[in-house]
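Please examine the sequence and the three-dimensional model shown below.

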Amino acid sequence: MALPLTPLNCCLVDSLCHSRKLGEAVRLIMSRTLEPEQYSVYSKILQLCTDLNSRKCGRMIHSRIIAVGFPTNTCLNTRLIMFYSKCGEMKTARKVFDKMSERSVVTWTALISGYSRNADYEEALRVFSAMHSEGVKANQFTYGSALRACTRLLCLERGKQIQGCLQKGRFVDNLFVQSALVDLHSKCGKMEDARCVFDSMETRDLVCWNAMIGGYAAQGLSDDAILVFRSMLREGILPDSFSFGSILRAIAGKNGLVKVNTIHGYILRYGFRSHNFLTGSLIDAYVKCGSLDSANEVYNTMQNKDVVSITALIAGYACEGTNHSKALQLFNEAQKNTATDGMLLCSMLNICAKTSSLNLGKQLHANAVKYQNQHDIAIGNALIDMYSKSGVIGDAKRVFDDMAEKNIISWTSLITGYGKNGCGDEAVALCVEMEDEGLKPNGVTLLSVLVACSHNGLSTQGWEWFRSVVKKNDILLRAEHYSCLVDVLARADCLEEAYDLVRGKIPMDIDASVLGAMLGACSVHGNVHLGEIVARRLFDLEPENAVNYVVLSGIYSAAGLWRNARETRVLMEKNITAKYPGYSSCQ
């Protein structure tokens, strides 16, 4: 028979728990019997099991409690719910909860927090509603967990209902709750409401500052993000890696190089030089600013190069379209030192597509089949694009057919490939098949089909498909759509129909590329009258574009109107101040 747990034993358990010697504490408890008033001993060990994420020991304690018939109470059961929630075993936690005859606000909060922590946000909100229905008053941690669930679901309306309950209670000014509200509104894109809560706070912690910076960054409001970041520094709040990561996302872009340099200085000043997460963010920011040299310098300073930083740098080389040998060198380095992920493969496949490096693309395909998830849609789309641009449309079709799941990009990539490889009929047929599958074409799909029809002499099919798709789907037509449609009609020698489209259906402020396509068609078909009309409109839109003058002069010359051609050249010299020579580069 097991001996009773003495006061000396209790002190020893306390000491073992304080020293985090879980195994010894469990062995001692398993060899003793406890009185009901000694439940706190079980509670302390369960807390240590939760802290150390020790499933085995926690289950042993729970089994012991059941086996010896130890009378549980609200405190002990709540500790069990916390343990199972931390281990991700929400079904077991719910069973413990459902068997409880009495529940405190801490018990309800533990279950709500557990569901929220394990990404079952809808169930967390259902439990919160049940708690409210039973008349249990929430505390600041209950509200925080419920608001976190609303944030993850982007459920602003439900979050506002909880905010309304807060206004009537004593937690309206609680820092933890207010930070959760700021995060909710900012993640849902309601920065004015987030700012209203933020400005009403008497004290602010780093969490709410980060929520504001991150919210402005997500909305593309870089100036506001910078202002909040500077205010945070003035108030003496030290930034962390999340602060810097958010501000870098906000300022990275075409004209942000000076700002990124400034933030880089702050990162070094505050001692985050060796933080890999931030180093990857810095590389990505420099890449987006177009400064690959700076990105490369940051990469070279890294002691432990990871796949995130390598992927960011390779993606930069892929977008720039130059120095592909450096990208290949980085990829080889990644294969030796780090695990290759899907994003890295997609970036390399993008480079292969731009350089028509079919052999390397096939090696990457083999790598994807061997090491990566074969059902990854992004990799599948990148492979279709690579094979299409390398002229191997059959392999692109095989990749497409092998994909277990396809999105609109998958279909559009293959349609584009068919168009560029002279398979116009297949492009149109694939688009019809896509619609039969229930997917609606978007603006890119429409453009791809028009290009395919234009380049393959399918003018009638292109025009009919354009009218059909635009009528059935709410597609925002841009200048390139009209430009390509004009090209489709012009290739069929339907210049009058094309000009009627330009004159009647296209907005007056449309891009000059549409009229440029029309002028090019007039040149091909020798239509002097229509060419003059279109050229005059282009001269008004782009008075310094020499191409338009040259094309019109060529139309006159082809028709034998030498005087008109000479006058057009004189007009060009008068309107254009300087003409810059072209250049070429070879690699």
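This is a predicted model: local features need pLDDT of at least 70, side-chain atom pairs count only at pLDDT 80 or more; totals for chains, interfaces and linings use all residues.

Residues are numbered from 1 along each chain as its sequence is written, and side-chain values use heavy atoms, with hydrogens and water left out.

## Overall architecture

The chain has 34 helices and two strands; helices (H or I, at least four residues) and strands (E, at least two) are DSSP runs numbered from the N terminus. The radius of gyration is 33 Å, well over the 25 Å given by the globule rule for 587 residues, so the chain is more spread out than a compact globule. That radius is taken over C-alpha atoms, and the globule rule is 2.2 Å times the number of residues to the power 0.38. Along the principal axes, the C-alpha atoms fill a box of roughly 115 × 55 × 50 Å.

Of the 587 residues, 47% count as buried. Buried means under 20% relative accessible area, exposed means over 50%, and partly exposed lies in between (1.4 Å probe, protein chains only). Among contacts with a separation of 6 or more, 60% come from residues 24 or more positions apart, a contact being heavy atoms within 4.5 Å.

## Aromatic pairs

A search of the whole structure finds 14 aromatic pairs. Rings of Phe, Tyr and Trp (its six-membered ring) pair if their centres lie within 6.5 Å; planes under 30 degrees apart count as stacked, over 60 as edge-to-face and the rest as tilted.

Phe242 and Phe277 form a tilted pair, at 6.4 Å centre to centre and with 50 degrees between the planes. Phe242 belongs to helix α15 (residues 241-251) and Phe277 to helix α17 (residues 276-288), so this pair ties together parts that are 35 residues apart in sequence. Phe242 counts as exposed, at 54% relative accessibility, whereas Phe277 counts as partly exposed, at 40%.

The pair of Phe539 and Tyr549 is stacked, because the ring centres are 4.2 Å apart and the planes lie at 10 degrees. Phe539 in helix α32 (residues 528-541) and Tyr549 in helix α33 (residues 546-558) are 10 residues apart, and the pair links distant parts of the chain. Both Phe539 and Tyr549 are buried.

Ring pairs also join Phe229, Phe244, Tyr266, Tyr270 and Phe272 into a cluster.

## Charges over rings

A charge sits over a ring if NZ of Lys or CZ of Arg is within 6 Å of the ring centre and within 35 degrees of the ring normal. The table lists two such arrangements.

| Charged residue | Ring | Distance from ring centre |
|---|---|---|
| Arg204 | Phe198 | 4.4 Å |
| Lys406 | Phe400 | 4.9 Å |

## Cysteines

How many disulfides are there? The count comes to zero, a disulfide being a pair of cysteine sulfur atoms within 2.5 Å. Cys431 is in no disulfide, and the nearest cysteine sulfur, that of Cys453, is 9.2 Å away. Cys431 is buried, with a relative accessible area of 0%. For Cys423, the closest cysteine sulfur is again in Cys453, at 13 Å, too far for a bond. Cys423 likewise counts as buried, at 16% relative accessibility.

Ser43 lies in helix α3 (residues 39-52) and counts as buried at 7% relative accessibility. Its side chain is joined to that of Arg79 by a polar contact of 3.3 Å. A polar contact is a pair of N or O atoms within 3.5 Å; within protein, one must be able to donate a hydrogen and the other to accept it, and residues adjacent in sequence count only if both atoms are side-chain atoms. Leaving aside neighbours within four places in sequence, Ser43 is in contact with Cys75, Leu76 and Arg79.

Ser294 is found in helix α18 (residues 292-301), where Ser294 counts as buried at 19% relative accessibility. The side chains of Ser294 and Ser291 make a polar contact of 2.8 Å.

Ser448 lies in helix α27 (residues 443-455) and counts as buried at 9% relative accessibility. Not counting residues up to four places away in sequence, Ser448 touches Thr412, Ile415 and Thr416. The C-alpha atoms of Ser448 and Tyr418 are separated by 9.2 Å, these residues being 30 residues apart along the chain.
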